[in-house]
Amino acid sequence: QYVPLKQKGRRFWGCCPFHNEKTPSFSVDTDAQLYYCFGCHKGGTALNFVMEMERMEFSEAVQYLAERAHMQIPEVGSSQAGRSGVGSEQRERIYEANVTAARYFHSLLWTDEGAEALSYLYKRGLNDSDIRRFGLGASPRGWDTLTEYLGQQGFEPALLKQAGLAVERDGRYYDMFRGRVIFPIINARGKVLGFGGRAMGDAQPKYLNTPDTPVFNKRQGLYSMNFVRNERDVGHLVLVEGYMDTVSLRKYGVRGVVATLGTALTPEQARLIKRYAPEVWISYDGDAAGQKAALDIFDELEGLTPRVVDYPAGQDPDDFIRDKGLEGFERLRKYDAAEYRMLRARDGLDLTTQDGMTQYALKCCEILKKVSDPIVMENHLRQLALQTGYDREILLRQIGVATHSEAPKPRQYAPRDTKARADDAALAERVLLTLLSIGELPQEMLKAEDFSAGVRRDAAAWMLGGRPAAAFVETLQDAAARSEAVQALNYAPLPDSHEEKLELAQTSLSTIRRARLRERMAEIEAEIKTADANRKRELYTQMQAILKALED
C-alpha cells in the first residue's frame, strides 16, 4: 500500500517512505518480520511502520490494523473511548452521526438559515472554495432542528446526546449548537470527532466546543490534523490559538498549522505535536496576552524545539496574513525559546537607565543558565554583551559558567588503539543477532553473555529463549532502544549458503570473544598500577592466560 517492493535475495527492497532517495535502501525481512532502512536507519515491526507512517500511538495502530484485517480485539483500556465503556460499534455510530451533522451544517450555509454565517465568513476573507476545503458550516437557529433532522436519518436522541450534538432537559432533546458558524474537528484519519461553533453578534459564549464524548476530548486533539497527515516534509507545526487563525494561515499557503481546542496547550497535545514534527512555531497574537501565553507554554514542549513567531504589536495571525500574505509571514522573525524569553525580559524596564540595563542583564543571565547547548549559549552571550556593554567574563560568572582563566585543565588520557576493535566487535554482534533472528544458527552456539550489556544482550537472551525477534522489538518503548535493536537485527549483506553463514558466525563469535579478552587486558593493566605485590602476582597470572588465549 505504501511502498512498491521487489525481491532481491531473501529481502524485499524499495525506496524509503521516510526520506527522499533514488536508490532503494528500504528493506523488508519476511523471516524476521521486520523492516529496516539502511539510509535513515528507521525500522521495526508492522506496528512500528503504521505508527511512523500514520503518526499513531501504539493502541491506535493496533486498532487500525485490526480493522483492516477484520479482527475483533479487546477494548483498549488506556484510551478515552475504552474508559467510557462504549464499544467500537457504538463509536462508529457516533462518527456516522458526526459526519451526517457536518454535511447538514455545510449545506445550510447556502440557505436563508445560514446567510448570516456565510456573510461572516465572506467578511473574514474566505471564498466558497475555502469554505468547502475546510467543511465550514452553519447551525440552525431553532431549538431542535438538527436533532429532528438526524432523527429522520435514523439516529436515536440518546446517541446524539452521547455524541455531544444534543442536550437533554426535562426529558426533551435540544441542539447543542444553535445560530453559530461551525468548524468541524477532524482527526488525521479523516473522522469527524466533534465541532467548534462561533457565535454570531454578541451571543455568549463566543466559542462553544463539543463536550467530551467517547470519540472526542478537547485536551487530546488539535484542529486541522486532517491536513497535517500529508505534510510530512514540513518539519514543524505552526500552533495558533483559534479556528479562524488556522483557516486564514492555511488559505494563504502556510502549512503545518494547527490550533488548540479552546484550552491552553495540554501535555497530551504537546505529545501529539511531537509525533508529527520535532519543531513547533508558536504563532499567538502579538498583544500582551498572546506574548504571555507564548511564554507560559514553553514548559509543556519538552522534547520539542519551540520557536515564537513575532507578530507586530496588536496584530493576530489572521489580520497579519490577510494584510501581508505568505511572503510577509515567511519574513517574520522566529525566536528560539531563550531568545524570546530575553526579548520579553525587556518588558517593563527602562533600558536607557543603568538600573534598567542592570536588571535586564540579570534576568537574561537567569534565562541563559537553562541553555545547555554551548553554541546557542555563545550566540546569546555575544548578543547580550553587545546590548548591555557588560564584559563577557562578567556575564559568564553571573550565569555560573567557569571562565577561560578559571576553567580546570583537561585530564590527560593515554591513547589506546581500541576503537577499531570495539567497532569490529559491535559489527560481529550485529551479524550474530541477524543470523539468529532468521533461524540460521543453532542456539547452543551462543549465550547471551557473548553480547554487550543492554539492548543487544537482551535481544540475544530473548531469541535464545525461542521467541521471535519482531516480538522483542515490540517490547521496547524507548525509540532509541528500538532503533538500536532494529539496526542490530538487520546486518547486510549476508552470504547465500547456510555453510557460509555458519562460517561467518564462527568468525564473528571469535571476534567478540577476543575483544572481551582485550577489554579485560586493559582493565588488568590499569589495576596493576595501584595494586599491592600479592594482587600484582594474581593479575600477571591472569594476563599471561589472556595472552595465551589471544595467540591461539
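**Exercise 1. The nonpolar cores**

How many residues does the largest nonpolar core have, and which of them have the most contacts inside it?

*Solution.* The model is predicted, so local features need pLDDT of at least 70 and side-chain atom pairs count only at pLDDT 80 or more, whereas totals for chains, interfaces and linings use all residues. Residues are numbered from 1 along each chain as its sequence is written, and side-chain values use heavy atoms, with hydrogens and water left out.

Step 1. A nonpolar core is a set of buried Ala, Val, Leu, Ile, Met, Phe, Trp, Tyr and Cys residues joined through side-chain atoms within 4.5 Å. Buried means under 20% relative accessible area, exposed means over 50%, and partly exposed lies in between (1.4 Å probe, protein chains only).

Step 2. Read the core. The largest nonpolar core has 58 residues, and those with the most contacts inside it are Leu121, Leu165, Phe195, Tyr223, Leu249 and Phe329. Helix 4 (residues 88–108) gives the largest share of this core, eight residues. Helices (H or I, at least four residues) and strands (E, at least two) are DSSP runs, numbered from the N terminus.

Step 3. Look for another core. A second, separate core of 35 residues has Tyr36, Ile438, Leu441 and Ala460 among its members.

**Exercise 2. Helix 5 and its buried side**

Determine which residues of helix 5 are buried and what they pack against.

*Solution.* Step 1. In helix 5 (residues 115–123), the buried residues are Ala117, Leu118, Tyr120 and Leu121. They lie on the same side of helix 5 because they cover an arc of only 155° around the axis. The arc is taken from the directions from the helix axis to the C-beta atoms.

Step 1. These buried residues pack against helix 6 (128–134), strand 6 (137–138), strand 9 (180–186), strand 10 (192–199) and helix 10 (243–251). Contact here means heavy atoms within 4.5 Å.

Step 2. Not counting residues up to four places away in sequence, Leu121 touches Leu109, Leu126, Ile131, Leu136, Val181 and Met244.

Step 3. Just after helix 5, Gly125 takes a positive phi of about 90°.

**Exercise 3. Helix 11**

Identify the buried residues of helix 11 and the elements that cover them.

*Solution.* Step 1. Gln269, Ala270, Leu272, Ile273 and Tyr276 are buried in helix 11 (residues 267–276). Their arc around the axis is only 160°, which puts them on the same side of helix 11.

Step 1. The cover over these residues includes helix 1 (46–54), helix 9 (225–228), strand 12 (236–240) and strand 14 (279–282).

**Exercise 4. A hairpin**

Describe how strand 7 and strand 8 are joined.

*Solution.* Step 1. Strand 7 (residues 166–169) and strand 8 (residues 172–175) pair in the antiparallel sense over four bridges. Glu168 stands opposite Tyr173 in strand 8.

Step 1. The two strands form a hairpin with two residues between them, and Asp170 in the turn has a positive phi of about 55°.

**Exercise 5. Lys529**

Is Lys529 buried or exposed?

*Solution.* Step 1. Lys529 is placed in the loop between helix 22 (498–528) and helix 23 (533–551).

Step 1. With a relative accessible area of 70%, Lys529 is exposed.

Note on methods
Two strands pair if DSSP finds at least two bridges between them.
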